[in-house]
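User: I would like to study this protein model step by step. Please begin with a term that I shall need, and then take my questions in turn.

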Amino acid sequence: MGRNSYQTQSTNIPESYKKIQINCCRNPECENFHKLPDSISNRCRPYRLNGSGDNKTLICKACQTSFPLKSNRAVAEELERISHNLQRAGLTFCKQEECPAYHKSYQMHPTLYCRHGTNDVGRQRLRCKLCQSTITVSDSSRPKSRRHNHLALSCFRMAVRQVHLRAMADITGMSSPAIYRMIDQIWKHCIAYTAY
């Protein structure tokens, strides 16, 4: 007995992964907006599958909008990767990846760390009770130096325009290592900005 067309379609639509399903109509004016293909009975399927191989698209039967199929697993993994950086912004963690306290910040789990003096500039140092490594408390609330804001803004604009590092150094009058430090600082600010 041959397979029905709806049976082959349901196996070609990527399954939800960790409650993420992005393969649905994205037109807010459509009656099928955000109707998920997994949760719909095969008789009243609101989408038509088009294409083959890696070039498959879903076409909404109500508004005729087409959109490429995406891997829900890849979207979930990218979300986890980005969220990892945002969850750690402004918090102090053990730096040893093998340590059980690596995912537990000092601010949320102070019993996992003990005070261990201060560093050269007077910031609190801690020792992880589990792996004995030392870390410095990050203080995101302390005021940052605003002396070189105009240089940071210039470097950011030039980085966006893909200006070569030597040209950046010539224009700003900064050394290459200083440019690298400035770009690292800008990157950290951008990551912190995306958290909000």
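Analyst: A residue counts as buried when its relative accessible area is under 20%, and as exposed when that area is over 50%. Please keep in mind that the model is predicted.

User: Is Tyr47 buried or exposed?
Analyst: The relative accessibility of Tyr47 is 1%. The cut-off for a buried residue is under 20%. Tyr47 therefore counts as buried.

User: Which residue forms an aromatic pair with Tyr47, and of what kind is the pair?
Analyst: The ring centres of Tyr47 and Phe67 lie 6.0 Å apart, and the planes stand at 85°. Planes over 60 degrees apart count as edge-to-face. The partner is therefore Phe67, and the pair is edge-to-face.

User: How many residues apart in sequence are the parts that this pair ties together?
Analyst: Tyr47 belongs to strand S1, whereas Phe67 belongs to strand S3. Phe67 is buried, with a relative accessible area of 3%.

User: Which residue pairs with Tyr106 through its aromatic ring?
Analyst: The structure holds two aromatic pairs. In the pair that includes Tyr106, the centres are 6.1 Å apart and the planes are at 85°, an edge-to-face arrangement. Both of its residues are buried. The partner of Tyr106 is Tyr113.

User: Which residue in S3 is the bridge partner of Ile59?
Analyst: Strand S2 (residues 57-60) and S3 run antiparallel and are joined by three bridges. Ile59 has its bridge partner in S3, and that partner is Ser66.

User: Where does Lys18 lie, and what is its phi?
Analyst: Most residues other than glycine have a negative phi. Lys18 is not a glycine, yet its phi is positive. Its relative accessible area is 53%, so Lys18 is exposed. Lys18 lies in the loop between helix H1 (5-12) and S1, and its phi is about 50°.

User: Is His34 buried or exposed?
Analyst: His34 is found in the loop between H1 and S1, and its phi is positive, near 65°. Its relative accessibility is 52%, and the cut-off for an exposed residue is over 50%. His34 therefore counts as exposed.

User: Which residue forms a salt bridge with Glu77?
Analyst: A search of the whole structure finds one salt bridge. Its closest N and O atoms are 3.4 Å apart, and a salt bridge requires a distance within 4 Å. The partner of Glu77 is Arg73.

User: By about how much of the helix are Glu77 and Arg73 separated?
Analyst: Glu77 is partly exposed at 44% relative accessibility, and Arg73 is partly exposed at 46%. Both lie in helix H2 (residues 72-88). Because they are four residues apart there, their separation is about one helical turn.

User: What pattern does the protein chain follow along the sequence?
Analyst: The protein chain has five helices and six strands. Of its 196 residues, 26% are buried. Read along the sequence, the pattern is α-β-β-β-α-β-β-β-α-α-α.

Conventions. Residues are numbered from 1 along each chain as its sequence is written. This is a predicted model: local features need pLDDT of at least 70, side-chain atom pairs count only at pLDDT 80 or more; totals for chains, interfaces and linings use all residues. Side-chain values use heavy atoms; hydrogens and water are left out. Helices (H or I, at least four residues) and strands (E, at least two) are DSSP runs, numbered from the N terminus. Buried means under 20% relative accessible area, exposed over 50%, partly exposed in between (1.4 Å probe, protein chains only). Two strands pair if DSSP finds at least two bridges between them. Rings of Phe, Tyr and Trp (its six-membered ring) pair if their centres lie within 6.5 Å; planes under 30 degrees apart count as stacked, over 60 as edge-to-face and the rest as tilted. A salt bridge is a side-chain nitrogen of Lys or Arg within 4 Å of a carboxyl oxygen of Asp or Glu.
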